[in-house]
Amino acid sequence: MNTKQKILLESLRLFSQRGYDAVGVEQIAAAVGIKAPSLYKHYRSKQDIFDAIFEETARRYEAFTDTISVHVQNSEQDVKMFEEITADDLVAKVRSLIDYSLHDEYVSMFRRMMTIEQFRSPELSELYSQRYVNQIHDYHSGLFTKMIAAGVLVEEDPGILAMMYDAPILVLLGECDRHPEKEEECMKKLEAHVRLFYKTFNRSNYD
């Protein structure tokens, strides 16, 4: 790991523990093991560091989701795969996403930082909503719209279906963040939720 990468990792670690505003450049430099002037050779400001963390987190997340054929930026790419998916495969895919979100150090620290900062910064609150609520809802709403049109899902409001699908997953993810010892219990609830949704809204179950 080079110095530039270490600056990002140690900054993220500090931000996730204390919050963005509570951490100064001098503290970041000390955690990295360099002097503050040396840090400025790599990043112009703390905001510059945050922007780089955001980009790196997004890059990591998209690289992982690509491996399981989930493209949050473009639901059109995933329609065919989800039209043919089984309940077992859907459970496995959702579990892998949650497992990654919980156990990838970079991604989990970023989510923790954003959870803290959503109550302190209007800008980061908006960013939190966009990344962890709106983006996910828009992806599933678009996906469900196409699946309804293809006759795969029952004809219901795709936006409401997306809310029904997403909300329990986000609640269980938050529960695991607060109580890591409950992860297996939460995973069982997650599986039950996904299977119930599949059973209730997949038209093949009514044929």
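Biologist: Hi! What kind of model is this, and which pLDDT cut-offs apply?

Modeller: The model is predicted: local features need pLDDT of at least 70, side-chain atom pairs count only at pLDDT 80 or more, and totals for chains, interfaces and linings use all residues. Residues are numbered from 1 along each chain as its sequence is written, and side-chain values use heavy atoms, with hydrogens and water left out.

Biologist: Thanks! At what angle do H7 and H8 cross?

Modeller: Helix H7 (residues 105-117) and helix H8 (residues 122-149) cross at roughly 130 degrees, and their axes come within 8 Å. That makes H7 oblique to H8. Angles under 35 degrees count as roughly parallel, over 145 as roughly antiparallel, 65 to 115 as roughly perpendicular and the rest as oblique.

Biologist: Which residues of H7 and H8 make the contact?

Modeller: From H7 there are Phe110, Arg111, Met114, Thr115 and Glu117, and from H8 there are Leu124, Ser125, Leu127, Tyr128, Arg131 and Tyr132. Contact here means heavy atoms within 4.5 Å. By class, the contact of H7 with H8 has six nonpolar, two polar and three charged residues.

Biologist: Staying in H7, is Ser108 buried or exposed?

Modeller: Ser108, found in helix H7, counts as buried because its relative accessibility is 19%. Buried means under 20% relative accessible area, exposed over 50%, and partly exposed in between, with a 1.4 Å probe and protein chains only.

Biologist: And what does Ser108 touch?

Modeller: Leaving out residues up to four places away in sequence, Ser108 touches Ser101 and Leu102.

Biologist: New topic: where is Tyr61, and what does Tyr61 touch?

Modeller: Tyr61 sits in helix H4 (residues 46-67) and counts as partly exposed at 21% relative accessibility. Not counting residues up to four places away in sequence, Tyr61 touches Val72, Leu97, Tyr100, Ser101 and Arg131.

Biologist: How many residues apart along the chain are Tyr61 and Val72?

Modeller: They are 11 residues apart along the chain, with 9.9 Å between their C-alpha atoms.

Biologist: Last one: how do H6 and H9 cross?

Modeller: The axes of helix H6 (residues 87-103) and helix H9 (residues 158-178) come within 11 Å and cross at roughly 40 degrees, so H6 and H9 are oblique to each other. In their contact, Leu90, Val94, Ile98, Ser101 and Leu102 of H6 meet Tyr165, Ile169, Leu173, Cys176 and Asp177 of H9. By class, that contact of H6 with H9 has eight nonpolar, one polar and one charged residues.

Technical notes: Axes are lines fitted to C-alpha atoms, for helices over the stretch in contact, and angles run from 0 to 180 degrees between N-to-C directions. Helices (H or I, at least four residues) and strands (E, at least two) are DSSP runs, numbered from the N terminus. Ala, Val, Leu, Ile, Met, Phe, Trp, Tyr, Cys and Pro count as nonpolar, Asp, Glu, Lys and Arg as charged, and the others, Gly among them, as polar.
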